[in-house]
Amino acid sequence: MSVSYWQDSGFGKRITKDVVIIGGGFAGLSTAYWMQKEDPSMNIAVVEKYEIGDGASGRNAGFITCGSVEHFNRLVEKHGREEASVIWKFSEDNLKYLKEDIIEDRPNDFLFEHNGSFSLASTETEFKELQESAELMSTFNINVEKVDEKDIKERLGAEKFVGGIKYIGDATVHPHKLLHGIKEKIEKTSDSVEFFENHEVSKIETENGNKVVYTKKNRIEAPVVVYATNGYSPLVNSYFEDKIFPTRGQILVTEKVPRFMEAACYANFVLDYFRQLPTGEMLIGGFRQLQKDVETGYSDQTTATIQSALEDFLKVHIPAVREAKITHRWSGIMGFSVDGQPMVGALPTDPQLYFVGGFTAHGVGLAFNSGKTLVDAMFGRAVPSWISAKRLG
Ligand SMILES: Cc1cc2nc3c(=O)[nH]c(=O)nc-3n(C[C@H](O)[C@H](O)[C@H](O)COP(=O)(O)OP(=O)(O)OC[C@H]3O[C@@H](n4cnc5c(N)ncnc54)[C@H](O)[C@@H]3O)c2cc1C
């Protein structure tokens, strides 16, 4: 939202911090978590336009996926064996850190299930690619299982798929609870992180070598600012205009039915996804490919075209929920990076401005470790080139 001269003049406290993080999603909170762990004396402000989790972090499907947005063979084609292995390990570590540091011995509090996930093919072409991908993954010692049409019917209650593979290491979670789990952990272990909710940052200026972050309520001054603003980043700094693209995703959820699915599923080259929640509801999302021109930008709306495609998919493939009532429909804005990988580190245009984001629909699977990597960058440690903001110039 733009800010008028009248709103901008005369109000607001002047607050001084060591770091200001803009954005209260997985990226912002993960960064705050690792930063206070690195140096508990650091005074950190987390500034969020709405409330914690009102962005994509509270609106996603809760898949904690290893790897990337595409089948593993494509990751290897693009990055080569060595880097693909590093990228896979990065996401495995993301899950490991979430389990060790946040979920701990309370999986039920987060509806966390470490059951793996399936990638299902409805065409022979995709099944062939998935099988090749599985062969390749086994040469990396990645735990993967091939499944056929009969397995899919028996273990997932899903029809009209020719085959697929199961990634044994993947997990699912209640993303909003997990995000609040990170916040609670921060609050438990540190009193140097202050949360400013309902504070929209309207501008950032440089004054006497420091950054001054303006909201209508306060001016927060710090030597360093972190943008954790996801798809909204081009609105806060034009540097992101050709690097981060706001992309909408839509979901629907049905009423509860008795549990029948072994684990969460992707379909159609990772574009569509569905899972039965531990509490019985069926969630399905995706089909952005049907309205690519509409599913960009900042409007938080659902569309009839995509919502009916989601419903039709359930009718065709999942008999157990054909009659189930739909209870929730929503959308959220993702930040797609220009090459599909996250961006972490100082902006080449200004060493006092940092960024963590661009998770391209996989932030639950990547953001916690990306926040840790951003703290590495801030404390002068190396950031791998595949994830470094520097690679995009
Ligand atoms: C429908 C959907 C399904 C998804 N499914 C999955 C999934 O199953 N698994 C997975 O890994 N990922 C999934 N994702 C992607 C995942 O949700 C994101 O990658 C992740 O949440 C990004 O976290 P973030 O902190 O970067 O962004 P966000 O959570 O969007 O946080 C950015 C925050 O910045 C705030 N902000 C923006 N501008 C300003 C400003 N000027 N001042 C102050 N604050 C500001 C916003 O309000 C927002 O809260 C999905 C996303 C969507 C939308």
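**A first walk through a predicted chain**

Let me begin with the contacts: of those in the chain between residues at least 6 apart in sequence, 73% join residues at least 24 apart, where a contact means heavy atoms within 4.5 Å. Before I go on, please keep in mind that this is a predicted model, in which local features need pLDDT of at least 70 and side-chain atom pairs count only at pLDDT 80 or more, while totals for chains, interfaces and linings use all residues. Residues are numbered from 1 along each chain as its sequence is written, and side-chain values use heavy atoms, with hydrogens and water left out.

Turning to the overall picture, the chain has 9 helices and 20 strands; these are DSSP runs numbered from the N terminus, with helices being H or I of at least four residues and strands being E of at least two. The radius of gyration is 21 Å, close to the 21 Å that the globule rule gives for 393 residues, so the chain is as compact as a globular protein of that length. That radius is taken over C-alpha atoms, and the rule itself is 2.2 Å times the number of residues to the power 0.38. Along its principal axes, the C-alpha trace spans about 65 × 45 × 40 Å.

How much of the chain is buried? Buried residues make up 56% of the 393 residues, where buried means under 20% relative accessible area, exposed means over 50%, and partly exposed lies in between, with a 1.4 Å probe and protein chains only. As for charge, there are 44 positive and 55 negative side chains, and the centres of the two sets lie 2 Å apart; Lys and Arg count as positive and Asp and Glu as negative, while His and the chain ends are not counted, and each charge is placed at NZ of Lys, CZ of Arg, CG of Asp or CD of Glu.

Next, the cysteines. If a disulfide is taken as a pair of cysteine sulfur atoms within 2.5 Å, the count comes to 0. Cys66 is in no disulfide, and the nearest cysteine sulfur, that of Cys265, is 16 Å away. Cys66 counts as buried at 7% relative accessibility, and Cys265 counts as buried at 0%.

Now to two strand residues. Val225 sits in strand β13, residues 224-227, and is buried at 0% relative accessibility. Which residues does Val225 touch, leaving aside those up to four places away in sequence? They are Val20, Ile22, Ile204, Lys211, Val213, Gln352, Leu353 and Tyr354.

Finally, a point about the backbone. Most residues other than glycine have a negative phi. Asn198, however, has a positive phi of about 55 degrees although it is not a glycine; Asn198 is found in the loop between β9 (193-196) and β10 (203-207), and is partly exposed, with a relative accessible area of 39%. Thr360 likewise has a positive phi, near 50 degrees, and is placed in the loop between β20 and α9 (363-378), where Thr360 counts as buried at 6% relative accessibility.
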